[in-house]
Amino acid sequence: MDENTAQAFVNRDESVPLLAFSGTAGSPSPDPESKRSRLRESISNSKLKDKLQDGASSRSETGFSLQDRLLTKLLQQVIPTENIEEVLDLPPDKRSSKYIGRPGFSIPLMTNNFRRFNSRIGIVFVFQTRLIRLLTWRNPIHTLSLLAVCTFVCLDPYLLAVLPVAAALLFVMVPAYLVRHPAPPPTIAHSSYSLNGPPLAPARTIKPAAEMSKDFFRNMRDLQNSMDDFSTVHDGVLKIITPPTNFSNEALSSTIFLFLFVSTCTLFIASHLLPWRLMSLFFCWSSITLGHPSVQQFLLNNRESHLRPHERKAQSWLDAWVTRDIALDAPPETREVEVYELQRRKGGPKGEWESWIFSPNPYDPLSPQRIAGERPRGTRFFEDVCAPKGWEWGDKKWILDLGSREWVEERMVQGVEVEVEGERWVTDLVGDDETSSPAKKGKKISPGWEEGNGEGPSGMWRRRRWIRMVRRRGVSSVNEKEG
């Protein structure tokens with residue numbers, strides 16, 4: 001096959017235009033003119049080509065250079081690769097491992113992939129440039145043809161199935177046939193253009209753009225502009241969407257949430273009643289018409305005199321409605337927190353009780369800490385007990401929980417004696433290793449616990465429950481206390 005027939009898809013027209021929003025003067029995107037001047041001062045085209053050729057020649061035929069391999073190994077130590085199955089503690093999937101296996105981060109591999117990607121991305125920029133020309137009315141006949149196609153599709157959505165087939169026919173098959181059956185040169189007199197007969201030229205093939213070629217650098221130019229476009233659009237969209245939707249202004253965000261909720265319910269019920277074909281037709285015509293330079297200039301000239309008053313009126317109406325109908329003065333959320341006062345018997349089974357610790361857990365005989373032989377955790381003094389993070393105390397002091405039976409039954413605590421009067425201690429029952437005397441008879445025994453007055457033989461630990469109310473703190477109060 002003739003090598004001259006192999007071509008690359010490259011945008012050989014003007015570069016992809018950069019997008020810009022108002023108020024982005026502080027954007028980190030560099031000035032093209034200043035960047036070009038600095039680049040011209042620091043290095044010439046010949047030096048750049050020599051450097052790239054030297055870098056390409058430094059690689060061996062069997063792999064990357066020793067320096068690249070050492071740098072890759074160093075980066076793999078600094079940035080270890082993470083396997084998603086190891087992070088989530090999932091069993092490996094043998095069926096799909098060959099499809100999801102990916103190499104780790106590697107500068108030589110990344111450089112090689114970038115060169116391959118840059119030499120093949122030209123078709124995207126060609127499509128992008130032609131789409132921009134189509135939507136900006138560079139050729140009105142083409143744009144009007146697009147409007148005609150949109151009209152047919154909007155009025156008859158089943159024609160969407162025709163579009164990919166027609167695009168393959170008109171943009172792939174017909175141009176490929178015309179390459180093999182070219183028209184005669186204009187210098188030869190002919191009455192008609194016949195498509196019959198044997199092919200007159202070889203078939204065209206598509207190949208990547210060669211490195212160090214003009215097409216390769218054209219792709220790099222368009223790629224850098226596309227990255228700047230994406231960053232600009234990303235920042236612009238976040239600047240518009242984030243403030244009203246992140247509940248920094250709770251009244252405005254609540255209003256938007258209410259509108260979206262009502263719209264969702266309304267569309268769920270009455271979406272079949274809307275004229276979707278006419279609406280899509282109006283949207284297509286409006287969007288494409290707004291791309292006309294004359295329409296854009298007209299809107300810019302009349303924005304201050306016609307659009308601004310309506311914008312201010314709508315904004316004032318929305319602010320008044322939010323102030324009148326959105327109420328956010330609900331009391332803060334309150335909850336009850338608990339702490340257990342633990343006491344330990346001193347000097348054997350008949351010794352005195354001594355204060356030990358204030359713990360968030362009751363440290364009952366069947367608790368995991370008790371079974372594991374661990375010591376109870378907490379603080380020695382009542383004043384050191386703090387409210388949970390993000391909460392503050394709702395009342396001034398702790399209150400003894402008089403319902404000792406209730407919280408014992410609720411937590412299914414077993415092996416304890418419960419005081420239903422007095423100081424409400426919940427004491428461990430005596431064990432075989434603590435005393436040899438049998439338990440008292442004649443008491444009313446419930447499953448797992450006994451009712452008593454704390455005067456009989458008992459174990460080494462007892463506890464009682466204290467409760468206190470807390471309320472959630474706002475952002476301002478949290479910042480003040482942390483500062």
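Modeller: Buried means under 20% relative accessible area, exposed means over 50%, and partly exposed lies in between, with a 1.4 Å probe and protein chains only. The model is predicted: local features need pLDDT of at least 70, side-chain atom pairs count only at pLDDT 80 or more, and totals for chains, interfaces and linings use all residues. Residues are numbered from 1 along each chain as its sequence is written, and side-chain values use heavy atoms, without hydrogens and water.

A salt bridge is a side-chain nitrogen of Lys or Arg within 4 Å of a carboxyl oxygen of Asp or Glu. The structure holds 17 of them. Helices (H or I, at least four residues) and strands (E, at least two) are DSSP runs, numbered from the N terminus.

Take strand β11 now. Glu-392 pairs with Arg-471, with 3.1 Å between the closest N and O atoms. This pair links distant parts of the chain: Glu-392 is in strand β5 (residues 391-393) and Arg-471 in strand β11 (residues 458-472), 79 residues apart. Glu-392 is buried at 18%; Arg-471 is partly exposed at 31%.

Arg-468 and Asp-395 form another salt bridge, 3.5 Å from N to O. They too connect distant parts of the chain, 73 residues apart: Arg-468 is in β11, Asp-395 in the loop between β5 and β6 (399-400). Arg-468 is buried at 11%, while Asp-395 is partly exposed at 25%.

Helix α14 (residues 303-325) holds a local pair, Arg-308 and Glu-311, three residues or about one turn apart. Their closest N and O atoms are 3.4 Å apart. Arg-308 is partly exposed at 27%, and Glu-311 is partly exposed at 36%.
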